[in-house]
Amino acid sequence: MADSRQSMHKVAVAGASGRMGHILIEEIRSSGDCQLAGALDIAASPAIGNDAAAFLGHASGVPVTADLRIGLASAKVLIDFTRPEGTLAHLKVCRELGVNAVIGTTGFNDDQKARVADYAQDIAIVMAPNMSVGVNVTMKLLEMAAKALATGYDIEIIEAHHRHKVDAPSGTALKMGEVIAQALGRNLKDCAVYAREGVTGERNPSTIGFSAIRGGDIVGDHTVLFAGDGERIEITHKAASRTTYAQGSLRAVRFLAGKKSGMFDMFDVLQLR
């Protein structure tokens with residue numbers, strides 16, 4: 001009888017001892033078709049050397065390591081929700097070892113995004129600022145709404161996250177802005193407004209405004225407001241748990257099976273093109 005483990009998606013997790021890392025490991029364990037094959041964290045993490053699933057009271061046989069080559073040696077795909085600098089370091093080794101990647105990290109600048117695209121010439125990468133299936137369906141709805149409401153409506157994007165989030169606006173909010181701007185034939189860099197204070201003058205109707213709220217343990221709320229004369233339309237997504245990000249990440253892992261190279265996003269994974 002064939003060993004069922006041979007058909008499993010072998011996944012390594014970056015930031016394995018963090019909140020998102022724990023959720024990913026738990027979802028991998030319960031998935032039925034994915035297997036934890038590596039667990040990465042920074043050298044200073046107290047989890048180094050411990051079993052990656054110890055927090056679940058379970059022995060996975062996979063120790064948390066800071067050695068990228070050891071942590072990625074048995075993996076086919078890395079899931080990474082860390083920081084841009086860490087993700088780029090991980091991708092360098094992924095390319096050396098032929099390991100594909102699912103990237104949920106946010107906060108990349110243009111140069112860093114270009115480096116990710118360069119790695120995608122040699123390995124297959126799914127990169128999205130939000131792996132939630134619901135958020136990506138919301139992106140599609142925003143694209144449709146923006147085209148229909150192209151004139152006579154002011155557009156504002158409001159997002160709220162927990163107090164520990166280090167970047168603002170969120171990567172998801174920026175992606176929403178990009179989707180809307182593209183649907184309107186605009187460049188977000190030219191029409192985004194990130195702050196208002198003092199006497200700002202009347203609102204320029206061609207702009208897309210952003211507001212960021214930080215507090216408590218808010219997982220992630222995003223609302224796009226289309227405000228016209230006599231009516232307003234609000235499209236909102238609220239995440240109650242990070243589990244949805246992990247579930248979307250595993251869908252991306254499955255999508256990458258058999259792919260050798262290329263840059264993809266969740267629209268590709270969910271066939272929303």
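Predicted model: local features only at pLDDT ≥ 70, side-chain atom pairs only at ≥ 80, totals over all residues.
By class, the residues lining the largest pocket comprise 13 nonpolar, 16 polar and 6 charged.

**The largest pocket**

- The lining of the largest pocket is made up of 35 residues, and those nearest its centre are Arg 19, Met 20, Phe 81, Thr 82 and Arg 83.
- Helix 1, helix 3 (84–97) and helix 6 (171–183) are the elements that give two or more residues to this lining, and the largest share, 4 residues, comes from helix 1.

**The second largest pocket**

- The second largest pocket is lined by 31 residues, of which Lys 113, Pro 129, Leu 174, Lys 175 and Glu 178 are the closest to its centre.
- At least two lining residues are supplied by each of helix 4, helix 5 (133–148), helix 6, helix 7 (188–191), strand 12 (262–264) and helix 9 (266–269), with helix 6 giving the largest share, 4 residues.
- Sorted by class, the lining of the second largest pocket holds 15 nonpolar, 9 polar and 7 charged residues.

**Helix 1**

- Helix 1 covers residues 19–31, and because 13 residues at 1.5 Å a residue should span 18 Å, the 18 Å separation of its end C-alpha atoms agrees with expectation.
- The buried residues in helix 1 are Met 20, Gly 21, Ile 23, Leu 24, Ile 25, Glu 27 and Ile 28, and what covers them includes strand 1 (9–13), strand 2 (34–40), strand 4 (77–80) and helix 8 (243–256).
- As background to such patterns, an α-helix has 3.6 residues a turn, so residues three or four places apart point the same way.
- Just after helix 1 comes Gly 32, which takes a positive phi of about 95 degrees.

**Helix 6**

- Helix 6, with 13 residues, reaches 18 Å from its first C-alpha to its last, which is close to the 18 Å expected at 1.5 Å a residue.
- Within helix 6, Gly 171, Thr 172, Ala 173, Met 176, Gly 177, Val 179, Ile 180 and Ala 181 are buried, and their cover includes helix 5, strand 7 (154–161), helix 7, strand 9 (208–214) and strand 10 (220–227).
- Gly 185, which follows helix 6, has a positive phi near 75 degrees.

**Thr 105 and its contacts**

- Thr 105 sits in the loop between strand 5 (100–103) and helix 4 (110–119), and this residue counts as buried because its relative accessible area is 4%, where the cut-off is under 20%.
- Leaving aside residues up to four places away in sequence, Thr 105 touches Asp 80, Phe 81, Thr 82, Arg 83, Pro 84 and Thr 87; among these, Phe 81, Thr 82 and Arg 83 are also listed with the residues nearest the centre of the largest pocket.
- The side chain of Thr 105 reaches the backbone oxygen of Asp 80 at 3.3 Å, while a polar atom of that side chain lies 3.1 Å from the backbone nitrogen of Thr 82.

- Glu 159 has its place in strand 7 and is classed as buried because its relative accessible area is 1%, with the cut-off at under 20%.
- The side chain of Glu 159 makes a polar contact, at 2.7 Å, with the side chain of Arg 214.
- Beyond residues up to four places away in sequence, Glu 159 touches Ala 168, Pro 169, Ser 170, Ala 173, Ser 211, Ala 212, Ile 213, Arg 214, Asp 221 and His 222.
- Two of the residues touched by Glu 159, Ala 168 and Pro 169, are joined by a cis peptide bond with omega of about -10 degrees, and Pro 169 lies in the loop between strand 7 and helix 6.

**Gln 271**

- Gln 271 lies in the segment after helix 9, and its phi is near 55 degrees, a positive value in a residue other than glycine.
- Most residues other than glycine have a negative phi, and most peptide bonds are trans.
- Gln 271 is exposed because its relative accessible area is 71%, and the cut-off for that class is over 50%.

How values were computed
Residues numbered from 1 in each chain as written. Heavy atoms only, no water. Buried < 20%, exposed > 50% of the residue type's maximum accessible area, 1.4 Å probe, protein only. Polar contact = N/O pair within 3.5 Å; in protein donor to acceptor, adjacent residues only side chain to side chain. Contact = heavy atoms within 4.5 Å. Expected span 1.5 Å × (residues − 1). 1 Å grid on protein atoms, 1.4 Å probe; cavity = no way out; pocket = protein on both sides within 12 Å on 5 of 7 lines; lining within 4 Å. Nonpolar A, V, L, I, M, F, W, Y, C, P; charged D, E, K, R; others polar.
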